[in-house]
Amino acid sequence: FASVILACLLSESVVPAADTKFFVHYLPWMTGPDSDHWCNTDYGNSYYGSVIGQWSCEDSAVLEWQAKLMKTAGISGIFFDYQTKSWRSCIDKMVSVLKHLGLQYAIMPDTAKGAAFLADSMPWIRQRMQDFNYASFENRSLLPVFDFTGDKSP
């Protein structure tokens with residue numbers, strides 16, 4: 001995804017407006033070598049290995065490197081995929097890094113867990129929306145939703 005954005009940014013034929021913002025879809029589930037998500041095609045998400053090897057979203061140095069790389073590439077911020085409360089720690093750590101670097105973010109609930117998860121998560125999401133660097137459009141906080149098609153969508 002990020003490589004597509006970079007290719008578009010570097011192309012002479014695509015010139016985004018000065019106020020165009022680019023966000024990346026960030027999956028805060030990488031917890032190191034024991035993670036079920038590493039290069040497991042059953043999940044359909046990790047066909048390629050990381051250039052830094054298996055990393056953990058709990059590693060502040062990795063999060064800082066990732067955020068600086070995004071900022072250098074012209075990325076405005078992150079849409080955090082959010083499927084489980086256990087990901088909050090990783091999200092909170094990256095949000096601290098983003099704040100420090102002046103990047104934005106939004107929480108993007110993944111409806112794969114169903115409507116009840118979204119309803120239960122809204123108090124926490126609303127709290128996050130109060131952050132000065134929470135992404136907004138026309139002074140309204142964004143709530144992007146990763147819509148899992150099927151019987152679990154709200």
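Reader: Which pattern does the protein follow, read along the sequence?

Author: This is a predicted model, in which local features need pLDDT of at least 70 and side-chain atom pairs count only at pLDDT 80 or more, while totals for chains, interfaces and linings use all residues. Residues are numbered from 1 along each chain as its sequence is written, and side-chain values use heavy atoms, with hydrogens and water left out. The protein has 4 helices and 5 strands; these are DSSP runs numbered from the N terminus, helices being H or I of at least four residues and strands E of at least two. Read along the sequence, the pattern is α-β-α-β-α-β-α-β-β.

Reader: What percentage of the residues of the protein count as buried?

Author: Buried means under 20% relative accessible area, exposed means over 50%, and partly exposed lies in between, with a 1.4 Å probe and protein chains only. The protein has 154 residues, and the share that counts as buried is 40%.

Reader: Which residues does Phe 80 touch, not counting residues up to four places away in sequence?

Author: Contact means heavy atoms within 4.5 Å. Phe 80 is among the residues with the most contacts inside the largest core. Not counting residues up to four places away in sequence, Phe 80 touches Tyr 26, Ile 91, Met 94, Val 95, Leu 98, Tyr 105, Ala 106, Ile 107 and Met 108.

Reader: Which residues point one way from β3, and which the other way?

Author: β3 is mostly covered, with 6 of its 6 residues buried. In a regular strand the side chains alternate between the two faces of the sheet. In β3, one way point Gln 104, Ala 106 and Met 108, and the other way point Tyr 105, Ile 107 and Pro 109.

Reader: What is the bridge partner of Phe 79 in β3?

Author: Two strands pair if DSSP finds at least two bridges between them. β2 and β3 pair in the parallel sense over 6 bridges. The partner of Phe 79 in β3 is Ala 106.

Reader: How many Å apart are the closest N and O atoms of Arg 128 and Asp 92?

Author: The structure holds 5 salt bridges, a salt bridge being a side-chain nitrogen of Lys or Arg within 4 Å of a carboxyl oxygen of Asp or Glu. Arg 128 and Asp 92 form one of them, with their closest N and O atoms 2.6 Å apart. This pair links distant parts of the chain, Arg 128 in helix α4 (residues 115-128) and Asp 92 in helix α3, 36 residues apart. The N to O distance is 2.6 Å.

Reader: How far apart are the C-alpha atoms of Lys 85 and Trp 124?

Author: Lys 85 is in the loop between β2 (77-82) and α3 (88-101), and at 47% relative accessibility Lys 85 counts as partly exposed. Lys 85 and Trp 124 are 39 residues apart along the chain, and their C-alpha atoms are separated by 9.7 Å.

How values were computed: A nonpolar core is a set of buried Ala, Val, Leu, Ile, Met, Phe, Trp, Tyr and Cys residues joined through side-chain atoms within 4.5 Å.
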